[in-house]
Amino acid sequence: MFDFVRQGSNRVRAFFRKGALDADLDEEMASHLEMAVEENLRRGMPPEEARRQAMVRFGGVQQAREKQRASRGLPFLDVLGQDVRYTLRTLGRDAGFTVVAVLILALGIGANVAVFSVVNTILLRPLPFANSQQLVWISPPPTKCGLSCATYSSDAYEEFVRYTKSYDGVTGYMAFTGPDNLRLTGRGEPIPATGIEVLSNFFQVLGVQPLMGRSFTPQESRAGAHPVTLLEYTYWKRQFAGDPAIVGREIDLNGTPTTVVGVLPQSFDFGAVFSPGERVDLLTPLDLDKERTWGNILTLAARLKPGVTMGQAQAEANLVVPKLCWGERYPQSCGSYVNKHGTSMLVRTLKDYVSGRLRRSLIVLWSAVGMILLIACVNLSNLLLARAAARSKEFAMRSALGASRGRMVRQLMTESLILSTGGAVVGFGLAWSLVLWLAHQGSLALPLLSTLHIDAQALGWTVLIAFAAAVLFGLMPGLRMATGNLLESLKDSGHGSSAGRKHERVRTALVITEVALACVLLVGAGLLLRSFLKVLDIDLGFEPDHAASIRVEYDDTAPTNEASELKRGEIFQQVIARVSTLPGVEAAGIVDYLPLGPNRAWGTPAPQGKTFPEGALPGPLVYVCTPGYVRAMGMRLHGRDFEWSDGPKSQEVVMINAAAARIYWPGEDAVGKVLMSGKDELHVIGVVDDVHASSVEAEKGSQIYYSAMQNGPNDAQLVIRSRVAPATLAGSVLRALRDLNPNQPAVEFQPIRTIVDRAVSPRRFFMLLVGIFAGLGLLLASLGIYGVIAYGVTRQTQEIGIRMALGATRGRVQRTVLGRTLGMVLLGIAVGTVASFGAARMIASLLFGTEATDPVTYLGMVLLLIVVALLAGYLPARRASRIDPLVALRTN
Amino acid sequence: MGDSKLDLLQGTLDLMVLQTLAAMGEQHGYGIARRIEQVSGDEVLLNQGTIYAALVRLQQRGWIDAEWGISDNNRKAKFYSITKRGRKQLQEDAEYWQRLAAVMGRVLEQGIANSE
């Protein structure tokens, strides 16, 4: 063992002292020879003979030197150094090729590293919580009744904690808050902030330690406790300039002094994990008692006890869920969390909840980008083959001089590795900038996106694929070159016919592979594009363009409920009237929940006089709005809208959507009919067309609209429809609101189109990326086609010359070349189409309104490939037709 | 069998050099090469130059030491001497060779006896 170490360190030392040791040896050998000559002279030989005999006995001097060097240093490194220097020289001479090759590799490797980072962040990396694999999310599967059916009431939560034994802690947060729900006052203009109420054990269960200060205590979430808050890191930096003395300071939230008890670490981003696409600024403790009668408000998350498996937790949940009561005082509400499918409560890992539904898309993306790298490698292989063919004389010479096959293959592999390393360095830089840009796309509703960054794993991945790529594209040309026919290559007629033809066959096969891969990418991208267009085409039930919304702050406190409703009606009426006077405004109205955002449901109204079987009545989503909202949203209405006269004293009126109407009174006109909600009579005055409430792609459920003067809205979003671009109205709308209520914070004036865009942003993102990859693949494939056809034309210059001399027209020659191009491409398309069928089946679950065998897509892509191929083959075809027969026959 | 010389394997040359140094004490490269030629009765095919590869190997393993000095003919030459570790190695290797030679001898004798 020691011997090995000693030898090793000696060798390393000798490696770095080459010059000195070489000089030393030379001196020694000179001395040796002199002594040998002396001895020979003493024996009586004449001087020349003495010298000659000495040299003969000594053997080859250079060989002795090399043997000694091999024994003392690190010969492997020496050879490598030689190869690298030689490669850099040859690559430098062929700058055009080197630049193209490095660029192609940079694109392929860079795209791969970027996608790897995305996949790593969203799918692979554990969540930024301690022992995050123990964290679970507890909820029923998504249903038509939206968020209200995915949450639990305060009573249910406490019961759940009491009945279960699998968890170290169960926590949750209030799911029904919208953005900008708080005002930061006391510093001039009120500034909007988004706050989420969380249970006091939220941070303990998740395993998050505040960066400064502490997290909440259970006392702070009880009624009457002094209001406290925890700030998120970025909010602290932005709003409070990273003030280190913030802990213990009081800030004014909604006019109430609130103590800041701590600042959360940078690694914690509530929005990134729980509500992608939205930013959360601060967190406050949730008082379970305050919201006890409100209904289902809590989402549930928990930490499994060590040793408890998911299966055990799920089994326990299945047993507990029938015992949960919505309200302990209402025994008939017990068991209300049980759904008829038997999947009442799902326990899954938090990671799965956060990013599980994206798994498919991300895997597709990863495969697509892997295919790009494959195409790039095939392309490079082609390029290197062409280059190696041009150097065949050089290799033949070296082989004749004694270079072993292994040595030459090694030198060619060194070339591939160097190209690959260059591509990896540039590609890594590309990936870095791409990842940086992506991480700042706040409007992209992908979870954990803000935590996207390049880390050591991405670097490792870069090295890995650079190496794999080098082997992939370098091996084939390397082996072919080193095993070439020596004699053929040394002959002066450079393009030997049989060798050249075989060479061209290999390159053609490579290009066919490229075309097939590009075909698969194109079909995938085409299918995703069609799906996206279909999604955009969906009738949302409202008009997102030319409309915008802004949150209105109002105060309707009054001694009685009725007085409050009257006051509210007055305030809203004033606001709407004022805003409607602004130039360009066509309609305005107020609602408490916008579509495609959070929603809530309560009650199961039943048509008067009809009976329905158990469970047939839906629990519709509830929206509370003012007159004018339906028009402002561009919803289609049959019947009449609310009027300001529909107040607390008049009969209770509602509007329902078409889906609800179909359930309540199938085949009849619902307008004028009455719904019973408990003892209340609800008169249906209008039927609106279905609106996509929870997601653009999901089915539409039942919806019911109450008047804001007969029911309390949870929030107030003012929706304005205008002829002019809504952005131009932002300033004047805010001023109008401020005039009426100086407490109005400067909230964002959000175009409705943005809401829709955010909802479809993940789909658009994936489609764009796959589309870009398909485009890249197409480009690379067309370059490959060009290369091979051009090579073929060059190789057959003489033959074409002869043909033209014998009477072939230019057109004929062009057609021949193009025909060959087409033949090659059609073969590639045939293979690619078969592969596409398989690939399309795998992405079938990602498609929307499009079959995996959609003929329009396939046909379109085939045509595109053919057109591109013909374009690629056009230039060489033209060159072929321009060949001057005399010149062609003269040259070799 | 007598006319053609024996090609030396790398390890055997190293062993011969060690033995020479153990017997002769300090010696330079030329001297070692000549000594091996003489002792082996010119039966060994030795390109004298190859001795330097062996010398550097032995040096790196710490079995011999080297120092520049003056030869008897007033020439500058590099002198090598065996180290304590080298002596130990020599002893081990020599024992090994003797055992190997004995075993091979017995086995081959058998073969020759059988074929007769």
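Student: Which residue is the bridge partner of His28(B) in strand 5 of chain B?

Tutor: In this predicted model, the bridge partner of His28(B) in strand 5 of chain B is Phe79(B).

Student: What makes strand 2 of chain B and strand 5 of chain B a pair?

Tutor: Two strands count as paired if there are at least two bridges between them; strand 2 and strand 5 of chain B are joined over two bridges, in the antiparallel sense, and therefore they meet that condition.

Student: Why are strand 2 and strand 4 of chain B called edge strands?

Tutor: The open sheet of chain B is formed by three strands in the order 2-5-4, with antiparallel pairing. Strand 2 (27-28) and strand 4 (64-70) of chain B each pair on one side only, and they are the edge strands of that sheet.

Student: How many residues does each chain bring to the contact between chain A and chain B?

Tutor: Residues count as in contact if their C-beta atoms, placed from the backbone, lie within 7 Å; the contact takes 25 residues from chain A and 18 residues from chain B.

Student: Which elements of chain B give two or more residues to the side that touches chain A, and which gives the most?

Tutor: Helix 2 (29-39), helix 3 (51-60) and strand 5 (76-82) of chain B each give two or more residues to that side, and helix 3 of chain B gives the most, with five residues.

Student: What is the make-up of the side of chain B that touches chain A?

Tutor: The residues on that side of chain B divide into eight polar, five charged and five nonpolar.

Terms used
Residues are numbered from 1 along each chain as its sequence is written. Chains are lettered from A and ligands numbered from 1 in the order in which they are written. This is a predicted model: local features need pLDDT of at least 70, side-chain atom pairs count only at pLDDT 80 or more; totals for chains, interfaces and linings use all residues. Two residues are in contact if their C-beta atoms, placed from the backbone, lie within 7 Å. Helices (H or I, at least four residues) and strands (E, at least two) are DSSP runs, numbered from the N terminus. Ala, Val, Leu, Ile, Met, Phe, Trp, Tyr, Cys and Pro count as nonpolar, Asp, Glu, Lys and Arg as charged, and the others, Gly among them, as polar.
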